[in-house]
Amino acid sequence: MPALSYDQVRQLNSYSIFTEEPDRPLFTLANLHKDFYLTDFRNLMMGITNAATETAAISHFGRRYGMFVAMQFYMLTTYDEIWDGKPENLRFAIVQEYGIHTLGMYINPNDFRYVEDDERERVMTDILYKTSVIIGQLRKTTSISPLILWENIFGYMLWHYHTLLENPALADRAFEDLELLEGKEVWRYFSDKSLFLNYTGGKSPSALINQPVRKSCCFSKDIPGLIACGFCPIK
C-alpha cells in the first residue's frame with residue numbers, strides 16, 4: 001500500500017475527506033446499503049441540514065458523497081491510486097464549514113492502493129457501479145431524480161479534469177481517463193450510455209468551466225446558510 005504524501009492528504013482534506021478517526025462517527029457507507037436504515041438516515045440529514053425539503057437534504061448528502069467519488073477519479077489520474085477500503089471503513093461525521101453543519105468523510109489512508117494500467121478500465125467501472133448502487137439507495141429515501149445525484153458528482157469531476165488537463169505532466173493521462181469515462185463500456189452494468197458524456201455533451205471540461213452545464217437543480221437554495229448554485233437551471 002502506498003504512503004500518502006502531504007500534498008495528497010492536503011488535497012483530500014480540501015474536499016472534506018480526512019485520514020484520522022472521527023470523534024463521533026454517525027454512520028458508514030455500509031449503513032446506506034441497508035434498507036432498514038434509510039428512514040433514520042433521511043431524518044438525520046434533515047436534522048443536520050435543517051433543509052426545507054427531504055429532497056434538498058438528500059441532495060446535500062449526494063454532494064458530499066460526490067466529493068469522495070470525484071476524488072477517486074482525481075487520485076486515479078494524478079497518482080494511479082484509489083481508495084480500496086470496505087464500505088464500513090468510509091465513515092461520516094458532523095463537521096462545520098463556513099458556519100454551517102455538514103458531513104465530513106473519514107477513511108483509513110492505508111486503504112489506498114496502486115492501479116496497474118491493465119486494470120484501469122475495470123477500476124473505473126467498479127467505482128461507477130458502486131456509486132450507482134448508493135444513488136439507488138438514496139432514491140429510496142425520498143423523491144429525487146438520479147440526474148440530480150449524478151450531476152452533483154459530475155460538477156466536481158468537471159473541475160478536477162479541467163485542472164488536470166491544464167497540467168502538462170498529467171494532461172495525457174487525464175485525456176485518456178476522460179476517453180474511458182465518455183465511452184459506454186465503463187457504464188455497462190447500469191446504463192447503455194455514458195452519463196458523463198451526456199453531461200458534458202462531449203465538450204472539454206475547460207470549455208465548460210463557469211458555464212451552466214447542469215440540467216437539474218441541486219436544491220442548495222433550500223438549505224439555511226447556503227446560497228443558490230450560480231449555475232442553477234431553475235430561474
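In which sense do strand β1 and β5 pair, and over how many bridges? Strand β1 (residues 17–18) runs parallel to β5, with 2 bridges between them; two strands count as paired if DSSP finds at least two bridges. Helices (H or I, at least four residues) and strands (E, at least two) are DSSP runs, numbered from the N terminus.

A quick note on the source: this is a predicted model, where local features need pLDDT of at least 70, side-chain atom pairs count only at pLDDT 80 or more, and totals for chains, interfaces and linings use all residues. Residues are numbered from 1 along each chain as its sequence is written, and side-chain values use heavy atoms, leaving out hydrogens and water.

Here is how β5 pairs up.

Strand β5 (residues 100–106) is mostly covered, with 6 of its 7 residues buried (under 20% relative accessible area; exposed is over 50%, partly exposed in between, with a 1.4 Å probe and protein chains only).

Now for Ser 145, in the loop between α4 (120–138) and α5 (146–165). Ser 145 is partly exposed, at 30% relative accessible area. A polar atom of its side chain sits 3.0 Å from the backbone nitrogen of Leu 147. Glu 116 is 29 residues from Ser 145 in sequence and 35 Å away in space, C-alpha to C-alpha.

Terms used: Polar contact = N/O pair within 3.5 Å; in protein donor to acceptor, adjacent residues only side chain to side chain.
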